[in-house]
Amino acid sequence: MKRFFLLALFITSVFFVGISLAISPIKTEEKSEDGDFAIGWVGDMVPASNPVFNNEAFLNIKNFTEKPTLMVGNLEGTFARDLLPSKCQYLGSKCHAFRGDISFAYALKDAGFDLVSLVNNHSYDYGDEGLSDTEAVLESMGIPYISQIQPSIVLDVNGKKVGVLGVAFTPPLSTITNYEFIKSEIEKLKEKSDLVILIFHGGAEGSDKILVPGKEEYLGTENRGNVELVSHIAIDAGADIVLGSGPHVLRKTEYYKTKPIIYSAGNFFGGNERLLTRGNLGISAIFNINVSKNYKVGITSITLSKEGVPSLDLSERGRILVESLSK
């Protein structure tokens, strides 16, 4: 009944009239140029509760997110129903639970997002039902996703099979520290895919966490993984690209065995001040990995307003920061 209720909301909304409910192969004939096959990646996006704010989320930068053959981002929040209790009723005052209006799903679709990851520490903010609500909204919009209960997917993108696996440090499975799981899942995807991507959500977080330490990182007592080791294990197992999020700041990029690793894409949409954007937290980027040109990584610098709205950064702080960290 819940999914039918959500579907009814879409049908009656002025934003969602005429949207197909079937998840079909991604059609990206107008994306990229000159036959290039490119993967786009951005970091943490928290939906706002205000539909007007969501509708204007990507207006300043959608010409950049529309371009990659496969545009991917980390959706750090839910579309849970209003009556569902959050995890914060059981946790302390520093707890954050994110629930946004379903208009943000329309904004993602309109901006050209082809896949979102729910494999992060906010997908269960409103429990199993909240995650199910979020998945139902994305399905109704025709936006493929990976989640904690569906961590892998194979997409048909312009005739290529693209396999994607997501890992994180949160329940029900702390997969970022389960190296055998990572290896075996990557190997399975490799057998049926032309291209394999690992998406991880891990590492310590905060404005001072721009360095990749090469060891396990913690927030309090929570083990958030050794993201360098995880990335190398994935590529050793057959992954072609590794995309990271979690620290809320940009981190270095690296080539390991000629394959690119983006250790953190930072924040990308702050949900109307739900994410802090001061200092390094507001320096962001859109990463473009050109598979056709030896996985060359391009960086479009983005800056976030206080409310968390992305726009082009002509001073190129994002690119300069990533390049300085990557030396």
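Contact is taken here to mean heavy atoms within 4.5 Å, and helices (H or I, at least four residues) and strands (E, at least two) are DSSP runs numbered from the N terminus. The structure is a predicted model, in which local features need pLDDT of at least 70 and side-chain atom pairs count only at pLDDT 80 or more, whereas totals for chains, interfaces and linings use all residues. Residues are numbered from 1 along each chain as its sequence is written, and side-chain values use heavy atoms, with hydrogens and water left out.

Helix H7 (residues 227-236) has seven of its ten residues buried (under 20% relative accessible area, with exposed meaning over 50% and partly exposed in between, for a 1.4 Å probe and protein chains only), so H7 is largely enclosed by the rest of the structure. The buried residues of H7 are Val227, Val230, Ser231, His232, Ile233, Ala234 and Ile235, and their cover includes H6, S7, S10, S11 and S12. Just after H7, Gly238 adopts a positive phi of about 125 degrees.

Several of these covering strands belong to an open sheet of six strands with mixed pairing, in the order S5-S6-S7-S10-S12-S11, where two strands are taken to pair if DSSP finds at least two bridges between them. Strand S5 (152-157) and strand S11 (253-256) stand at the edges with a single partner strand each, so that one side of each lacks a neighbour in the sheet. On average, neighbouring strands of this sheet are turned by 20 degrees against each other, direction ignored; axes are lines fitted to C-alpha atoms, for helices over the stretch in contact, and angles run from 0 to 180 degrees between N-to-C directions. S11 pairs with strand S12 (residues 259-262) in the antiparallel sense over four bridges, and Tyr255 stands opposite Pro260 in S12. Helix H6 (residues 179-192) packs on the sheet, where it touches S5, strand S6 (160-168) and strand S7 (195-201), and the direction of H6 makes about 170 degrees with that of S6.

Leu243 touches Ile39, Trp41, Ile197, Leu198, Ile199, Phe200, Ile262 and Ile289, when residues up to four places away in sequence are not counted.

S14 and S15 form a hairpin with five residues between them, and Asn294 in the turn has a positive phi of about 55 degrees. Most residues other than glycine have a negative phi. Asn294 is exposed, with a relative accessible area of 67%. Glu273, in the loop between strand S13 (267-269) and strand S14 (283-290), likewise has a positive phi, near 75 degrees, and is partly exposed, with a relative accessible area of 43%.
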